[in-house]
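Here is a colleague's note to read beside the model. Keep the structure open and follow the points in order.

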Amino acid sequence: MKLPLPPQSETGLMYRANELSGATLGEIAHSLNIAIPANFKHHKGWTGQLIEKALGATAGSKPEQDFADLGIELKTLPLDYQHKPLETTYVCYAPLTNLVGTTWLTSSVYNKLQKVLWIPVQGEREIPPDERMVGSPILWQPTPAQNQLLKEDWEELVELIALGKVESITARTGQVLQLRPKAANGKALTEAIGINGEKIRTRPRGYYLRKNFTQQILNNAF
DNA sequence: GGCTGATCATGC
DNA sequence: GCATGATCAGCC
């Protein structure tokens, strides 16, 4: 397999995604001439980056959808033996300042989640990375009910951030969406709003989808 | 055993 | 530091 070019259509993208289903990460990595780590202790994003390359996504750290032309975001989803999500799903970086005027419909969370290509992958730690199998792709768009849940959580979280209560937000806040630390380490700091409206320094945060939410997506797909 | 908070790698 | 790709691992 040569390094794929970006897909020109949704149909083309789905065709490639279906071709990957049933293959192991080792087979895919081998065809792309990519080295396979023994575990993910030091290569946490390896699976996602492998699938990105296999599907022709433009690697990078742009705050956009993976296939911006197609309006599609790509996410791998690690599953356990019961086909349930093993991990929460990172959505995007969380702005902690300049929130005046931001709305759900203009948020990065909304933008990223309006169309997602989910690629399930076996994720049990006892399965070596090269033996993990890729499952059937799921092209998902949130239902009105799912969008409402996301909107409610997003608005609650943004309001707390805007009111200077970011330090009081824990991973327990939110029904389907969470705000959690997202940084290289505990020393990373970014600007946020304090309880008296002053500037403070805090750990950078990111938005994550809870497992109950991605589980629901899987259930509706099969 | 599951979850929250912490952490790893990479590019710019 | 920001933003992407996420999983690790200690604590409850």
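1. Does Thr214 count as buried or exposed? Thr214 counts as buried, because its relative accessibility is 1%. Buried means under 20% relative accessible area, exposed means over 50%, and partly exposed lies in between, with a 1.4 Å probe and protein chains only.

2. A word on the ground rules. This is a predicted model, in which local features need pLDDT of at least 70 and side-chain atom pairs count only at pLDDT 80 or more, while totals for chains, interfaces and linings use all residues. Residues are numbered from 1 along each chain as its sequence is written, chains are lettered from A and ligands numbered from 1 in the order in which they are written, and side-chain values use heavy atoms, with hydrogens and water left out.

3. Now place Thr214. It sits in helix α6, residues 211-221. Helices (H or I, at least four residues) and strands (E, at least two) are DSSP runs, numbered from the N terminus. Beyond its neighbours within four places in sequence, Thr214 is in contact with Leu77, Pro85, Thr89, Trp118 and Leu209. Contact means heavy atoms within 4.5 Å.

4. Thr89 stands opposite Leu209 in β8. Four bridges join β2 to β8, and the two run antiparallel. Two strands pair if DSSP finds at least two bridges between them. Strands of a sheet pair through backbone hydrogen bonds, either parallel or antiparallel.

5. Look at the whole sheet. It is open, has three strands in the order β2-β8-β5, and pairs antiparallel. β2 and β5 (177-181) stand at the edges with a single partner strand each, so one side of each has no neighbour in the sheet. On average, neighbouring strands are turned by 35 degrees against each other, direction ignored. Axes are lines fitted to C-alpha atoms, for helices over the stretch in contact, and angles run from 0 to 180 degrees between N-to-C directions.

6. Next, the pairing of β5. Five bridges join β5 to β8 (residues 205-209), and these strands run antiparallel. Leu179 has Tyr207 as its bridge partner in β8. Helix α5 (residues 144-162) lies across β5 and β8, at about 40 degrees to β5.

7. How many residues of β8 are buried? Five of its five residues are buried. In a regular strand the side chains alternate between the two faces of the sheet. In β8, Arg205, Tyr207 and Leu209 are buried on one side, and Gly206 and Tyr208 are buried on the other.

8. Thr173 deserves a look. It is found in the loop between α5 and β5. Its relative accessible area is 14%, so Thr173 is buried. Not counting residues up to four places away in sequence, Thr173 touches Glu156, Leu157, Leu160, Gln178 and Arg210. Thr173 and Phe213 are 40 residues apart in sequence and 14 Å apart in space, C-alpha to C-alpha.

9. Turn to DNA strand C. It is surrounded by 30 residues, and the closest are Thr76, Tyr90, Lys112, Lys182 and Tyr208. A residue is near a molecule or strand if one of its heavy atoms lies within 4 Å of it. The residues of this surface divide into nine nonpolar, eight polar and 13 charged. Ala, Val, Leu, Ile, Met, Phe, Trp, Tyr, Cys and Pro count as nonpolar, Asp, Glu, Lys and Arg as charged, and the others, Gly among them, as polar. β1 gives the most to this surface, with four residues.

10. Which parts of DNA strand C come within 4 Å of the protein? Sugar or phosphate holds 65% of those atoms, and bases hold the rest. A side-chain N or O atom of Arg125 is 2.8 Å from a phosphate oxygen of DNA strand C. A polar side-chain atom of Lys182 lies 2.4 Å from a base oxygen of DNA strand C.

11. Finish with DNA strand B. Of the 18 residues around it, His42, Lys44, Ala171, Gly186 and Arg203 come nearest. Sugar and phosphate account for 58% of the DNA strand B atoms that come within 4 Å of the protein. β5 gives the most to the surface near DNA strand B, with three residues. A side-chain N or O atom of His42 is 3.3 Å from a phosphate oxygen of DNA strand B.

How values were computed
Polar contact = N/O pair within 3.5 Å; in protein donor to acceptor, adjacent residues only side chain to side chain.
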